[in-house]
Amino acid sequence: MKRFKYILLATIVAVGTSAMFTSCEDSNKFRFPELGNGGFVKFVFQPDFWDGLQQVDFDDDGVNDFSIVKYHIGSDPTTATFDALTEDPSGNVATYELFVRGTFDGAPEDPVAFKSTDSFPFDVSFTGSDMATLFSVPIETFSSGDEFFFTSRIVTTDGRVYTTFATACEECPESLEDDDGNPLPPGSWNGGTIDSVVLQGGDTGDNFLLPAIFYTVKYLEP
């Protein structure tokens, strides 16, 4: 009888140990990744004049991919100025680079380097004369309605790179299965590193997310 008790006890311990290891293995399979702060740079204050959101066709396929914040700074390029200061709210940005693409007559197709820094706060203000110098054109080249799209490249202290390319799933089906229950192709990740909500800042005027990652400045009356 005593021997039977030992056998029963050993069986219970073995089953319990097996269940424990199985549980640990299962938990490892479904373990959530560790979360941390990404590369995010924002405006210290809302630049004048914020005018809501603008739809952007990032890959020129005729479809608006997401929206970004826009600033209308006045219709006269000789007097209009964009006054803005940026900051690193998470304290983990190693470098921050800004690029700009203009829509004025004769503007280059590719963005040109605007400013870069490895410390904050960082001034990203400019005048019409600054833009004329940057693009090597007379200031008279600019006119009301011309626009400057600013994009960025952010590298964090641990080496991660964040660009203005919004994350998205390409050719993703609306459901996982077809009408017959067969699995559909899942689509593919586009490699973007910034969420479109961050790019547009949500309701920027209220929550003051104020992203300085992808934005547009236009010579137009606020």
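**Exercise 1. The chain as a whole**

Among contacts in the protein between residues at least 6 apart in sequence, what percentage join residues at least 24 apart?

*Solution.* Step 1: note the source. The model is predicted, so local features need pLDDT of at least 70 and side-chain atom pairs count only at pLDDT 80 or more, while totals for chains, interfaces and linings use all residues. Residues are numbered from 1 along each chain as its sequence is written, and side-chain values use heavy atoms, with hydrogens and water left out.

Step 1: apply the definition. A contact means heavy atoms within 4.5 Å. Among contacts between residues at least 6 apart in sequence, 67% join residues at least 24 apart.

Step 2: Of its 222 residues, 33% count as buried. Buried means under 20% relative accessible area, exposed means over 50%, and partly exposed lies in between (1.4 Å probe, protein chains only).

**Exercise 2. Strand β10 and its partners**

Determine which strands pair with β10, and state how many bridges each pairing has.

*Solution.* Step 1: recall that two strands pair if DSSP finds at least two bridges between them.

Step 1: take the partners in turn. β6 and β10 pair in the antiparallel sense over nine bridges, and R101 stands opposite F149 in β10. β14 pairs with β10 in the antiparallel sense over four bridges; there, V217 is the bridge partner of F148. Strand β11 (residues 161–163) pairs with β10 over three bridges, again in the antiparallel sense, and the bridge partner of R153 in β11 is T163.

Step 2: consider burial. Nine of the 10 residues of β10 are buried, so this strand is largely enclosed by the rest of the structure. T156, found in β10 (residues 147–156), counts as buried at 2% relative accessibility. Leaving aside neighbours within four places in sequence, T156 contacts G38, G39, N92, V93, A94 and Y162.

**Exercise 3. The nonpolar core**

Which residues have the most contacts inside the largest nonpolar core?

*Solution.* Step 1: define the core as a set of buried Ala, Val, Leu, Ile, Met, Phe, Trp, Tyr and Cys residues joined through side-chain atoms within 4.5 Å.

Step 1: identify the residues. The largest such core has 41 residues, and those with the most contacts inside it are F43, F82, Y96, F148, F150 and Y215. At least two residues of this core come from each of β3 (66–72), β6 (93–102), α2 (128–135), β10 and β14 (215–218). In soluble globular proteins, nonpolar side chains tend to be buried together.

**Exercise 4. An aromatic pair**

Describe how the rings of Y96 and F122 are arranged.

*Solution.* Step 1: rings of Phe, Tyr and Trp (its six-membered ring) pair if their centres lie within 6.5 Å; planes under 30 degrees apart count as stacked, over 60 as edge-to-face and the rest as tilted. The count comes to 21 aromatic pairs.

Step 1: Y96 and F122 are 6.3 Å apart centre to centre with 90° between the planes, an edge-to-face pair. This pair links distant parts of the chain, as Y96 in strand β6 and F122 in strand β8 are 26 residues apart. Both Y96 and F122 are buried.

**Exercise 5. A residue in a loop**

Is D83 buried or partly exposed?

*Solution.* Step 1: D83 lies in the loop between β4 (81–82) and β5 (85–87). At 44% relative accessibility, D83 counts as partly exposed.

Step 1: leaving aside neighbours within four places in sequence, D83 is in contact with F45, P47 and S125.
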